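Here are my notes on the model you sent over. Have it open while you read, and click on the residues as they come up.

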Amino acid sequence: MERCLLHVYVHAFGAGDSEDTSAIMAHATVCVGFTVSGLLRGARRIFVTQSALTVLRHSAFCYCTVNGTIKSKRKMDHLERTANNFRQEVISQAKVCGITKESETVKRLRLAVADKDFTFKAGQWVDFFIPGLSVVGGFSICSSPGLLEREGVLELAVKHADHPPAQWIHTKCALDSEVALRVGDLHGYQEGKGNGYKMGTVKLYYSAKKTSELLFKQDILGLMDAFPGKITCRFHITQQSSQICEELQPHVTEGRISEKDLAKHVAEDTLWYICGPPPMIESVSTLLSSIGVPRDCVFFEKWW
């Protein structure tokens, strides 16, 4: 998977500053742990279908021992990798109300959420429960909290993969398919602090093989128009032979994201958010370290 995003926050920026910016903001930090028993008690209160509750119980049983210790030597799955992340108690049913092909390898799901208490903040992700499937998916939310407030829906962008939840989305998911969602991340730990956030300056570097693989490019262009000087983007294209459309040309650079591109943004108040496959995350993290970026200023999600 070549497509990758690098978010460069040139001033302090908090998730949730503006609902319109959520599609390109990422936030991932390990924080508060949870207990499986607590989740199951919450699930009994919230789930109305036995099949969905069975999925949750089976998943918890597969991934944890009685005392919560991971014992499998196989490759860690989503629940294992995020076992120490905060989860909201609300587990809501949702129904697929829209499916869009964003690219040759990515589908966007539009989900109508049943529970009115279900909320999230920009940058959070969901545990994705599929009735009849024991493996739980983990997908970042790509729509804004404002869309959920206005229309009761949220959206996920899922790349085709052999992982069972992603495979189900690409091969079996249809309109009116029913699933269940639970929000996870750091925000439950931060909510009580009452911290306010002020939008700073955002520089986005987005790399893909071809412009057809640049997901949400129209949304990104729209954000640049809506926030001139606040949000800017460079699209890095590595393997395109055809002509680049006129609308994108002013924002496209041929070749990978380089040290020279990033070095000019190194500053004391810059935060760096990286999203992409593990080799890309590791190489960019090393590069940032070599140009003097402190480790505690670099954030990334690592789902694989």
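1. A term to start with: a salt bridge is a side-chain nitrogen of Lys or Arg within 4 Å of a carboxyl oxygen of Asp or Glu. Keep in mind, too, that this is a predicted model. Searching the whole structure turns up eight salt bridges.

2. Let's begin with Asp 127. This residue forms a salt bridge with Arg 87, and the closest N and O atoms are 2.9 Å apart. The pair ties together distant parts of the chain: Asp 127 belongs to strand 4 (residues 125-129) and Arg 87 to strand 2 (residues 87-101), 40 residues apart. Are the two partners buried or exposed? Both Asp 127 and Arg 87 are buried.

3. Asp 127 has another charged neighbour to look at. The side chain of Arg 182 makes a polar contact with the side chain of Asp 127, at 2.6 Å. You'll find Arg 182 in strand 7 (residues 178-184). With a relative accessible area of 1%, Arg 182 counts as buried, because the cut-off for buried is under 20%.

4. Now try Glu 151, which forms a salt bridge with Arg 110; here the closest N and O atoms are 2.5 Å apart. Again, distant parts of the chain are linked: Glu 151 is in helix 4 (residues 145-151), Arg 110 is in strand 3, and they are 41 residues apart. Glu 151 is partly exposed, with a relative accessible area of 48%. Arg 110 is partly exposed as well, at 24%.

5. For a salt bridge in another setting, look at Glu 104 and Lys 101. Their closest N and O atoms are 3.6 Å apart. Glu 104 is exposed, and Lys 101 is too.

6. Next, the strands. Strand 3 (residues 106-113) pairs with strand 6 in the antiparallel sense, over seven bridges. Why is strand 6 described as largely enclosed by the rest of the structure? Strand 6 covers residues 153-159, and five of its seven residues are buried, so the rest of the structure largely encloses it.

7. Arg 256 sits in the loop between strand 10 (252-254) and helix 8 (259-263). This arginine is exposed, with a relative accessible area of 58%. Its C-alpha atom is separated by 5.9 Å from that of His 236, although the two residues are 20 residues apart along the chain.

8. Finally, how confident is the predictor? The average pLDDT for the protein is 74, and 70% of the residues score at least 70. Among the elements, helix 1 (residues 36-46) has the lowest mean pLDDT, 31, while helix 5 (residues 164-171) has the highest, 96. Over residues 1-5 the pLDDT stays under 50, and the model has 34 contacts for them beyond four places in sequence. Residues 187-194 also stay under 50, with 10 such contacts in the model.

Methods
Residues numbered from 1 in each chain as written. Predicted model: local features only at pLDDT ≥ 70, side-chain atom pairs only at ≥ 80, totals over all residues. Heavy atoms only, no water. Buried < 20%, exposed > 50% of the residue type's maximum accessible area, 1.4 Å probe, protein only. Helix = DSSP H or I, 4+ residues; strand = E, 2+ residues; numbered from the N terminus. Pairing = 2+ DSSP bridges. pLDDT = per-residue confidence, 0-100. Contact = heavy atoms within 4.5 Å. Polar contact = N/O pair within 3.5 Å; in protein donor to acceptor, adjacent residues only side chain to side chain.
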